[in-house]
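Subject: A structure to look at

Hello,

I am passing on a structure that I have been going through, and I hope you enjoy exploring it. Please have a look at it first; my notes follow below.

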Amino acid sequence: KYERGSATNYITRNKARKKLQLSLADFRRLCILKGIYPHEPKHKKKVNKGSTAARTFYLIKDIKFLLHEPIVNKFREYKVFVRKLRKAYGKSEWNTVERLKDNKPNYKLDHIVKERPALGQPAEQQPQPGSSTAGVLTPALRPQAGRPRNSSCSERSSANRELASVTRLSCGRNANKKVFLSIKGIYYQAEVLGQPIVWITPYTFSHDHPTDVDYRVMATFTEFYTTLLGFVNFRLYQSLNLHYPPKLESQVHTEAKTSEDTYALNSESSLEVRGASSAGPARKLGRGLSPASASHGAAGGPNSVSGPSSRQEMAAQEEDRRKELEAQEKHKKLFEGLRFFLNREVPREALAFVIRSFGGIVSWDKSLCIGATYDVTDPSITHQIVDRPGQQTPVIGRYYVQPQWVFDSVNAQLLLPVADYFPGVQLPPHLSPFVTEKEGDYVPPEKLKLLALQRGEHAGNLNESEEEDEEEDDGDGEEEGEKEEEEEDMEADSEKEEEARLTALEERRLEGKKPKVMAGTVKLEDKQRLAQEEESEAKRLAIMMMKKREKYLYNKIMFGKKRKIREANKLAEKRKAHDEAVRSEKKAKKVRAL
Amino acid sequence: QPSLLDAPAPSRRLGSDPGLSDSDSEESVFSGLEDSGSDSTEDATASEEEGEGTSEQRGRMDRSPGQQVGPEVTSPTVFPSQARTPCSRMEVASMPGEDEYAEDSSDEEDIRNTVGNVPLEWYDDFPHVGYDLDGRRIYKPLRTRDELDQFLDKMDDPDYWRTVRDRMTGHSVRLTGEQVALVQRLQRGQFGDVSFNPYEPAVDFFSGDLMIHPVTNRPADKRSFIPSLVEKEKVSRMVHAIKMGWIQPRRPRDHSPSFYDLWAQEDPNAVLGRHKMHVPAPKLALPGHSESYNPPPEYLPSEEECLAWEQQEPEERKLSFLPRPFPSLRAVPAYGRFIQERFERCLDLYLCPRQRKMRVNVDPEDLIPKLPRPRDLQPFPTCQALVYRGHNSLVRCLSVSPDGQWLASGSDDGSVRLWEVATARCMRTVPVGGVVKSVAWNPHPTVCLVAVAVCVRPGVPRVGPAHGLEASQEERQDGLWLRIHHGKPVTQVTWHGRGDYLAAVLATPGHTQVLIHQLSRRRSQSPFRRSHGQVQRVAFHPTRPFLLVASQRCVRLYHLLRQELTKKLMPNCKWVSSLAVHPAGDNVICGSYDSKLVWFDMDLSTKPYRVLRHHKKALRAVAFHPRYPLFASGSDDGSVIVCHGMVYNDLLQNPLLVPVKVLKGHALTRDLGVLDVAFHPTQPWVFSSGADGTLRLFT
């Protein structure tokens, strides 16, 4: 028993560890690097040889695959190295320490990157891992303050470099799509080779060090993803005929040494500036390339479908695709021709990245960071991003807007009216661009407005409802008129009632003479409703006839649906209550003002 | 005054100089003596300890004249040297000679006044300020000067600015010009000594210059010109280590690029076998509106929701954070759990067991079985037509006459009522003097006979299991025809299709639970020799000589002529409550107290053909319609469910069961709903009797 089948396909963690002759920490590292994860067997008890103890199982094939991993030897070498080094330290043999450090064993992850599943796919799909692991990728890349002491600074900087190159790339190709300011950080979505990639950057504050986090694990992830990203970046840059890693350092170094303060070099800003400065040529190239790829995609699409579809359909599809492409192009040029100036209190990196990737030109105060190209006083500035209200005398000829305007505009794919975003104004809610409402879901009214705007309805129509509200508030006279009308209605009603009473009296008088015949009440049978009822009853009866298992499933599904509806209703109700509260408050204020 | 002139430490001499210059000879002698005694120790230190020197200067300057009151300097610090001049000057007579050794060292106490280290305010009320060495009082100056005097002094005395008061003696001291200069220098932060140069060039004994003469005259060691053994050993060890490969030369730096086109030689279509088993990690959910820094107001939790969120376990929470609004972007703080969340994701990626789960993605409408529409299965009873009221207690049983004109019902109130079906009129009430357990109308169309099972107190002596009694004359006028006494209460009576045989079920343990009475012959018999559990119901087969006996767990089919068990049906329910046989005879339905209705197709198997769980509560009665393909079940939940049960003549086709109507009308009393159901023999009508004391007709 237990010598065939699933029992032989799985191996417990401890057994695997013993087979590999690794310590637990090394085993974990190896698993992370090689992408080996435990599997949940279908019949746990069978696999567990009859025992029901909680164990984690690995596929035995995976473990065999690890057995031939050359990096395991590197781990061992490293362990030996550490032991020697510690010994030398203990004996204060500094020469030995030096010598050992010179020959510190290091390893490369290239082959692992190559053989990782889902990465060894054709080049077009390469960024996909990025998207699937976006969650990890960023933590690993950006736990700035949370780095452990033992992980080297160089590693972190390299991670930052990789991310910077990604941002540069997306900046260059105008691949950025969506931005979302959440309370956790800023989410970005970019499209690289048709694959959406989402990553999050925390707000630029120092983090406190959580003690319940194993930094070794994070460091291992960082190590792997940095390498992976490097190779992917290389590939992407190569596809754009660019050199990777970009050779701008020396240039910037000399420039910086002559012109700027050298302290800024080590900071991330210099990286970012480098990214920005490289954005120019990259953009040119990207633009040169993108239509080609787009046309290729357009050509490839119908070919695969072409068989049965008639020519008209094809034409319609083509039309749709063309429109979509046009919209995309338009979205990419959203901020073209606009010149932005960032005040020092706004998140500069994020805004500069977003604005640049949508074709805008951006600058900031010279004393804030290197890379400023023009001054506040430049008359050609169209938008100044401000977050503190009422701090300077406004310059005529430019809009002062809060940073949310930029992000909302990007998500809405159009330049929103700036009036809602003036400094000091209560901002409209910032909606998540990642939510696509399905039928039956709750849609916030702001989103509805936005959709209307996108469809091309004008702002005038859009604001109508609000104006109406105001009118209601304002127009007491109108209300009075309405009241009068109502009164008229009331009068009419009362007249009718009187008539009815009179007729009733007459009837009563007549009743004395005539034989008594009770007027039967006419039952209005709504045929539709009856049919509906019948339908629903039939359904109920059919449900009664369901088998037990199916009934359970059905009830579960229906429960889920009902819960969804309930939640949507709850949200709608909440919104309604809130709106009413706001309105009544407004009214009260007005009354007080009067 | 030669001793004064050659004083080696000018800083020390300064204070005493002016004093000496205008004092008498004894003093000068004294000071000279003192110099000679203390110089040897102090000279050396004076030059080095500048700080100390200055403080000494200052202290001395205060006191030395000891004449006038000055507001600027009051220093209670004690220095031995400063004491010398004033004391000697005040108590000239006493001082000389004896003191010279007492004040040898520099850390002597002030001996002009021996009060010690006490606040001098304590002496404010006394004429003296302390005691001298001999214990005599030191008196204050006779006349204390008041404000006016001070003012006058200030106006008149040109030296007022340079007079200070010595607090130890109470006298005013006028500072000399040198002392003033000293004070001024100190105030400027300079050294007290004018002639002291703090920046003298340092003389370096061991200079870097090569001298022609060695510093020491020692001859060189032997080891300095013999090769070192230790070093040799070390070198040989290193050579050995290099030979053995323990020490390796520094690795040349790797100059190959760290990144290159990794997938250059990759076959794009190659998929490693291992990748087939790959289960990709589920993606993280993208953020919704509620995660925004400025969410729409409806996404903000109310206070109760906040509280509920806080009380939940972190794993149970729907959102891992509480939505919060911020008025502007600059007010948004760092997210505290950022690193933890990333870390959790990392953990999930490499620690969490993965499994491919097939999500059931079905349209719930598809799950509903496609049944013929009830409208197509008409006729069946659809609505309540009549209510028969009259009984005071729950109506346990009812029976319809074979022509469908009359209805008999038995109740707990001890009466049997006969109703006209069409008008709901109670034609007759027959008090029977006991709880009526069962009524059954004789199916023979020519005989008008109702069998009633009544539970009465046994007034007749027991003779065997059953004992028939002809009714008396007057009873006959009342309609009673025959009375059969049983030893035990009868729970059910039922007629054979011909109307001659009557089966009764007794509530007794043992084999005499079922008795069959033959009316024409006035004969009773107990067909079973052995009991198989408590019998719940019996029924005659409509066409063949079979008797169905339902015990608690199973239904047995006996052949009456051959007197053998033909079939045993297993309904798989806890407690069978009721039983009905299809008029064609091949199908049996069985209701049970665990709210199941079981349909047996006896041709098919002894297992249930279909189990219907339509009712919420225990079933009390089931019935087949004699003509139409209908059957009904009444239950404790107060509803009667009418189903279409079509049995085809074609043996290959299974019966079609479709529920067509749920009839409600009976009110629940004492947790009991419908107690009995029966169909009209000719019409598609169903009667039901309930615990609320009514009978209802649904048409």
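What pLDDT does chain B average, and what share of the residues score at least 70? The average for chain B is 76, and 80% of its residues reach a score of at least 70. Please keep in mind that this is a predicted model.

Where pLDDT is low, the predicted coordinates should not be read in detail. For the complex, the predictor gives an ipTM of 0.76 and a pTM of 0.61.

Now to chain A. You will find 23 helices and nine strands there. Chain A has 594 residues, and 40% of them count as buried. Of the contacts in chain A with a separation of 6 or more, 58% are between residues 24 or more positions apart. Its accessible surface is about 35300 Å², with 52% belonging to carbon and sulfur atoms.

Back in chain B, there is a nonpolar patch on the surface, formed by Leu148(B), Phe151(B), Leu152(B) and Met155(B). Together these residues have about 420 Å² of accessible area. Phe151(B) sits in helix H6 (residues 147-156) of chain B. Phe151(B) counts as partly exposed because its relative accessibility is 45%, which lies between the 20% and 50% cut-offs.

Technical notes:
Residues numbered from 1 in each chain as written. Chains lettered and ligands numbered in written order. Predicted model: local features only at pLDDT ≥ 70, side-chain atom pairs only at ≥ 80, totals over all residues. Heavy atoms only, no water. Helix = DSSP H or I, 4+ residues; strand = E, 2+ residues; numbered from the N terminus. Buried < 20%, exposed > 50% of the residue type's maximum accessible area, 1.4 Å probe, protein only. Contact = heavy atoms within 4.5 Å. Areas by Shrake-Rupley, 256 points an atom, 1.4 Å probe, with all protein chains shown as cover. Patch = residues over 30% accessible without salt bridge, like charges linked within 9 Å, V, L, I, M, F, W, Y side chains within 5 Å. Salt bridge = Lys/Arg side-chain N within 4 Å of Asp/Glu carboxyl O. pLDDT = per-residue confidence, 0-100.
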